[in-house]
Amino acid sequence: MPREKEGKRKSKGAPLPVVPILQKFLQTYEKHCAQTQTSVCPAIERDLKTSINNEQILKKFILVRPDDSLPSILTISLEPLLMTIRDECYMLGKQICVWGLQLSNPEVARLALLLELKGHTTSPLTTLELIDCKMDPWSLGRLGQALQFSSLHSLVLDYCKFENEEIERIFSGLENNQRLQNLSLRYCGLGPQSGLRLGSVICQSAICELHLDGNYLQCSGALALLRPMAEYAEMQGKDQPATASPDSRNPPQPLQARQRGSSTLNQTTKSSGAVTVKTTGIKRKIKGLTEAGPWLVKLHLADNGIDGKGKEGENGLLEFIQILTCLIKYSAHLREIDLGNNVLGEMAANDILEALRARKTGKLPVLKITVTPQISSDTFRSIWKNSKKTNVTRKKKKKAKT
């Protein structure tokens, strides 16, 4: 009898039969491609067959526009893949990456339905990458609506060109989102007016990594983005004891201040996985939810025209540097900032250097910062030295013999 129980226990922990699942998935995908009169994506087919041969779970689907040099009568569509995920109830895929496709309204509508899945069949997707894809205003609006209810942790929309009204449809879906932690909008054509809106989105969402390389925020847009974070960091930093250690400088708790009178939620902290919520006499974790607040861990602003050459002139650059150095001095959250390919000048570089030294004096975590090398070599080298971790090995004390 004990042996039978032991055998049952082993069968419960047996791995899923990956090969037949993926083989059935491939067959269904090919069937849907035939029904919709679209072409099988070579990348999807290759990855499925590789996973079958290696007996490995396929977690990332990559849908790529075929090489223009290859003649093809049928187009590649996202819809057959989404239909297959639905029909096969494939819950093992975590990421969908689409490169260089024109997405139709039906495709985006079906994608939105997958993102919105709740209840017994929650959407398995945690990462969505739509790179260099074209969508009309209706599709962007539908995607924005789905983002409000999705379980995504990462959203990448690099190289998708947006007008002001179009990107607003995405921003509206990101407000009050307590799951999304990484947002990438590189080379999307964002102008100065997007800075203020992005700053508002960051304050009301759980986004802690923001990639905006290759846009044109200029000084005014970058200033509007950073201002609420800098003011919040300064307020929190000045409230901390000057001699506090890095460990004692816990990330600020914006929700605590806003909900001090609430008996159900007194403290939450942003994290990469779950959120620890302290209730009256109870400490529990809510998986997937993170705290909204005006702070970031990573901020990439490379190649954004942040210099003294725009409409704002030198005054705009000085004001931006003032806010930036405030953020550097006081933000206990910030770990990485990229300002490469922005001609800040020697004076601004020196201000950044002084802010890094003040941060070190305040015993805040090391901040990795990238600036353009178009400054003096001494200043550039000093910034580099003050923004890297020092490898200090401490010898353990020998235990006294008794």
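**Close-up views of the predicted model**

**View 1. Asparagine 350 has its place in helix H12 (residues 346–361).** Helices (H or I, at least four residues) and strands (E, at least two) are DSSP runs, numbered from the N terminus. Asparagine 350 is partly exposed, with a relative accessible area of 32%; buried denotes under 20%, exposed over 50%, and partly exposed the range in between (1.4 Å probe, protein chains only). Serine 376 stands 26 residues from asparagine 350 along the chain, and 9.9 Å separates the C-alpha atoms of the two. The model is predicted: local features require pLDDT of at least 70 and side-chain atom pairs pLDDT 80 or more, whereas totals for chains, interfaces and linings use all residues. Residues are numbered from 1 along each chain as its sequence is written, and side-chain values use heavy atoms, with hydrogens and water left out.

**View 2. The protein chain as a whole comprises 13 helices and eleven strands.** Of its 402 residues, 47% count as buried. Contact means heavy atoms within 4.5 Å. Among contacts between residues at least 6 apart in sequence, 76% join residues at least 24 apart. The accessible surface of the chain comes to about 21700 Å², computed by the Shrake-Rupley method with a 1.4 Å probe; for residues, only the protein chains shown count as cover. Carbon and sulfur atoms account for 52% of this surface.

**View 3. Helix H2 spans residues 18–35.** Its 18 residues reach 26 Å from the first C-alpha to the last, close to the 26 Å expected at 1.5 Å a residue; the expected span is 1.5 Å times one less than the number of residues. The buried residues of H2 are Val18, Leu22, Phe25, Leu26, Thr28, Tyr29, His32 and Cys33. An α-helix has 3.6 residues a turn, so residues three or four places apart point the same way. After H2 comes glutamine 37, whose phi is positive, near 55 degrees.

**View 4. Four aromatic pairs are found in a search of the whole structure.** Rings of Phe, Tyr and Trp (its six-membered ring) pair if their centres lie within 6.5 Å; planes under 30 degrees apart count as stacked, over 60 as edge-to-face and the rest as tilted. One of the pairs is formed by phenylalanine 25 and phenylalanine 61, which are stacked at 5.4 Å centre to centre with 15 degrees between the planes. This pair links distant parts of the chain, with phenylalanine 25 in helix H2 and phenylalanine 61 in strand E1, 36 residues apart. Both phenylalanine 25 and phenylalanine 61 are buried. Another stacked pair consists of tyrosine 159 and tyrosine 187, at 5.1 Å centre to centre and 5 degrees between the planes. Tyrosine 159 lies in the loop between strand E4 (154–156) and helix H7 (164–174) and tyrosine 187 in the loop between strand E5 (182–184) and helix H8 (193–204), so this pair ties together parts that are 28 residues apart in sequence. Tyrosine 159 is partly exposed at a relative accessible area of 40%, and tyrosine 187 is partly exposed at 28%. Phe25, Phe61 and Tyr90 form one aromatic cluster.

**View 5. Nine strands form an open sheet with parallel pairing.** Their order is E1-E2-E3-E4-E5-E6-E9-E10-E11. E1 and strand E11 (368–370) are the edge strands, each pairing on one side only. From one strand to the next, the twist averages 5 degrees; axes are lines fitted to C-alpha atoms, for helices over the stretch in contact, and angles run from 0 to 180 degrees between N-to-C directions. Two strands pair if DSSP finds at least two bridges between them. Strand E6 (residues 209–211) and strand E9 (residues 298–300) pair in the parallel sense over three bridges. Histidine 211 is placed opposite histidine 300 in E9.

**View 6. Strand E1 runs parallel to strand E2 (residues 95–99), joined by five bridges.** Leucine 63 has valine 98 in E2 as its bridge partner, and valine 64 stands opposite tryptophan 99 in E2. In a regular strand the side chains alternate between the two faces of the sheet. Isoleucine 96 has leucine 128 in E3 as its bridge partner.
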